[in-house]
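Keep the 3D view open as you read.

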Amino acid sequence: MRENLHRFFRAARGAGVHVSPAESIDAMRAVAQVGLADRAILRDALLLTLAKSQDEKLALGDCFDLFFSQPEPAQDQAEANDNGEASQEPDQSPSSSSASGAAEAQPPEGLGPLAQMLLSQDRNAMSAAIASASGAASLSDIRYSTQRGIFSSRILDAMGLQRLRDDLDELTATNPSLAERLRAALDALREAVRDTVSQGLALYAREEAENLRNEILRNAPLARIERRQVAEMRALIRQIARRLRERYSKPRKRQRRGHLDVRRTLRRNAAWGGVPFLTAWKRKHRERPKIVALCDVSGSVAQVSDFFLLLIHSLHEVVDDVHSFAFSSHLIEVSEILEKKPPEEAMAEIMSKVGFGSSDYGSSLVDFEKDFMSTLTPQTTVIVLGDARSNNLDPRADILRRVSERSKRLVWLNPEGRLAWGFGDSEMPRYATFCSVVRQCATAQQLERAVSDIVATYQ
Amino acid sequence: MAEQKASTSIEAVESGLAAQGYIASRQIATAVYLSQQIEKPILVEGPAGVGKTELAKAIAAWRGKKMIRLQCYEGLDEAKALYEWKYAKQLLYTQILKDKLGEVLGGAQTLHAALDQLHDFGDVFFSKEFVEPRPLLQALEQPGGCVLLIDEIDKSDAEFESLLLEILSDFQVTIPELGTVSAITPPTVILTSNSERDLGDALKRRCLHLHIGFPEQRLEERIVESRVPGISQTLRRQMVGFIHEIRSLDLKKLPSVSETIDWARVLVLLQASELDTEIVRDTLNVLLKYEADIEAASPQITTFIAKAARSNVFG
């Protein structure tokens, strides 16, 4: 059983539950206490010891159900298998009582154990044999879906396929009808093994597959991802947000003590004629990030803006003061929509209000200056997300200069590559002169770095 | 054999807690049983009012042990949670013992000799006598063991969590002047959290993690039955069904078990025999604590009552 639990821990890690060695020891102890008889109690015990959050509990619960949905070997078989994989060796005679009990109905002598088992149609013995063979083939090492074939054949080999083939050849000559039955049973066996391998893949390879997919997703251009990937990307963005939150939300004790604040000390002790009874110390104030985000939601940039807004607005603990604006031909404030509605709905509403137009940076900046210039303070970081392609209309870079002067920093995130800046109707070089930083922001990874850097300047 | 014992013991926990008026689900009972067997603290998470604190009280009452409670808040530190030196007593004693000190050191000729003699007496002023034990140390010093409730750990600072680690894993604390104090009998430790912030992995690793959510309808009925015995069965079913409907709404604060119990008491006081729109509308403020929530729920009252009544027929 210990072996089984270890495999379960691996499967749990695959399901994204963090199982440390210490936790697996606890789980072992807990299982030793509650025993294996009652599956519901076993499930509760494992959930209590291994999963450390509600999400993990859900994931682990699913994993548990999947793992133990495997056909469990009957008791006597399990004992027979404890002698090692030896009992599966083709040259050994079947030792389990049920197999031999069923075999007396079957006439053929001199067949390999696998053939006998198949002909006896003993389900328990079959599933036990598959389970122990997949142990021998170390199925828990499966990582990629492309490995399915090799693991299937390894398991079949471990079960004694070679001997079965010989038997089959022999039977075809002597007893064709029995050979036919055996062949059909073999097909069923292949099917069963394939299912076992698929289940193994689902159990053990999830983490690896997920890592790979996330890695690809992180570096995929946001503007061109496929529709079916949008949901995955949102999940990834949420992950990024959580990481950033963890990194930046803890109030760092950076208050610098040790320097006497002379002015405040004197003022405080004025009542005693300036004799410093009470001292005041200098402190370093940490500002909370104030962000004003202007996002282009026209055609090509819309998708990137969507993810950017999602990220910025999931950082509540870190940045609580965000004003977001969306524009294509004109500009509106969208903070409220984003705060109140779930992301999908919010984006749809924003798009219906200002999206789908051809972008006009000039008039959008005019809108901003007219109505929202007061949102800027000397502590504000202004982030503009857009490709700066203004369809040859007046870019009004002068407004951007005023924005830059009134704020702490002006960061321009451009989803286009550097090479494209300044070509065609791109006004990037003109705008760039007034920006503190201009950086490319086309993938989730670049997005994470950009936002991380912005928040870090406030730490 | 051991397995047989386990499931009966878990049932024993369930009935033991029930005797104290705490109706525990199977999972809660398993957690309590395991924490006792493998000596691990339980970290209880869940929304406010589902009976996290109550669980600790019930365990203490059931086992007949003392409950020591440490309420966490921002800025809670070692001095308030673990131990403190009794400064005033130390000062007073030095004053009183001044003459005695003079006697003891009388023979010494030089300062150096005096210091040596003083060393021979050891750290009299930093001994157990002068330690003021706070909840954590108190819990370790209970000879018969106790139930230590560390309430709302998520309200405390991250530093405080680190302080707890030694106690939770080894049931001991280290006081620099005195050395390590180990628990006489390891206490049963219950930590509760409202998930206001994520707790550190190190802390979580040392605990059994139990999530108490809103109970199922049957369980909640049993809870109401044990807490408010005066309520009729039909009304109980109806009101619990109604609350389950309310919980499906998107509200700021969903009514939890404590609100259910309060509401049951109110309904008994008002001598209601069954739910109707009138009485629900009048008492909705017992269940919902925000004006916006009440407004959101009000138009649905009639449908919910009907639904609750219908589920009664089939349930």
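B:I223 counts as buried, because it has 21 C-beta neighbours inside 10 Å and the cut-off for a buried residue is 20 or more. Keep in mind as you look around that this is a predicted model. You can find B:I223 in helix α11 of chain B, which covers residues 217-227. Who surrounds this residue? Setting aside neighbours within four places in sequence, B:I223 is in contact with B:I23, B:P215 and B:V257. Now compare sequence with space: B:Y22 lies 201 residues away from B:I223 along the chain, yet their C-alpha atoms are 7.2 Å apart.

Let's zoom out to the whole of chain B. Of its 315 residues, 32% are buried, and its secondary structure comes to 16 helices and 9 strands. Among the contacts in chain B with a separation of 6 or more, 79% join residues 24 or more positions apart.

Next, look for the open sheet in chain B. Five of the strands form it, in the order β2-β5-β8-β1-β9, and their pairing is parallel. At the edges stand β2 (66-71) and β9 (208-211) of chain B; each has a single partner strand, so one side of each is left without a neighbour in the sheet. On average, neighbouring strands of this sheet are turned by 20° against each other, ignoring direction.

For a closer look at one pair, pick β1 (residues 42-45) and β8 (residues 188-193) of chain B, which run in the parallel sense over 4 bridges. Within this pair, B:L43 has B:L191 in β8(B) as its bridge partner. Helix α2 (residues 26-37) of chain B packs on the sheet, where it touches β1, β8 and β9 of chain B, and its direction makes about 165° with that of β9(B).

Now over to chain A. It has 21 helices and 6 strands, and 38% of its 459 residues are buried. The crossing of α13(A) and α15(A) is right-handed. Which residues meet there? From α13(A) come A:M233, A:R234, A:I237, A:I240 and A:A241, and from α15(A) come A:F307, A:L310 and A:L311. By class, this contact has 7 nonpolar residues, no polar ones and 1 charged.

In soluble globular proteins, nonpolar side chains tend to be buried together. Here, the largest nonpolar core has 124 residues, and those with the most contacts inside it include A:L60, A:I155, B:I190 and B:L210. Not counting residues up to four places away in sequence, A:L60 touches A:A12, A:A15, A:V17, A:L47, A:L50 and A:A51. Apart from that core lies another, of 62 residues, with A:Y248, A:L315, A:L385 and A:Y431 among them.

Finally, see where the chains meet. On chain A, 23 residues are in contact with 20 residues of chain B. The elements of chain A that give two or more residues to this side are α2 (21-34), α3 (39-50) and α4 (54-67), and α2(A) gives the most, with 7 residues. Sorted by class, the side of chain A that touches chain B has 10 nonpolar, 5 polar and 8 charged residues.

Notes:
Residues numbered from 1 in each chain as written. Chains lettered and ligands numbered in written order. Predicted model: local features only at pLDDT ≥ 70, side-chain atom pairs only at ≥ 80, totals over all residues. Contact = placed C-beta atoms within 7 Å. Nonpolar A, V, L, I, M, F, W, Y, C, P; charged D, E, K, R; others polar. Buried ≥ 20, exposed ≤ 12 C-beta atoms within 10 Å, placed from the backbone. Pairing = 2+ DSSP bridges. Axes fitted to C-alpha atoms, helices over the stretch in contact; angles between N-to-C directions. Core = buried A, V, L, I, M, F, W, Y, C linked by C-beta atoms within 7 Å. Left-handed = near helix turned anticlockwise from the far one by under 90°.
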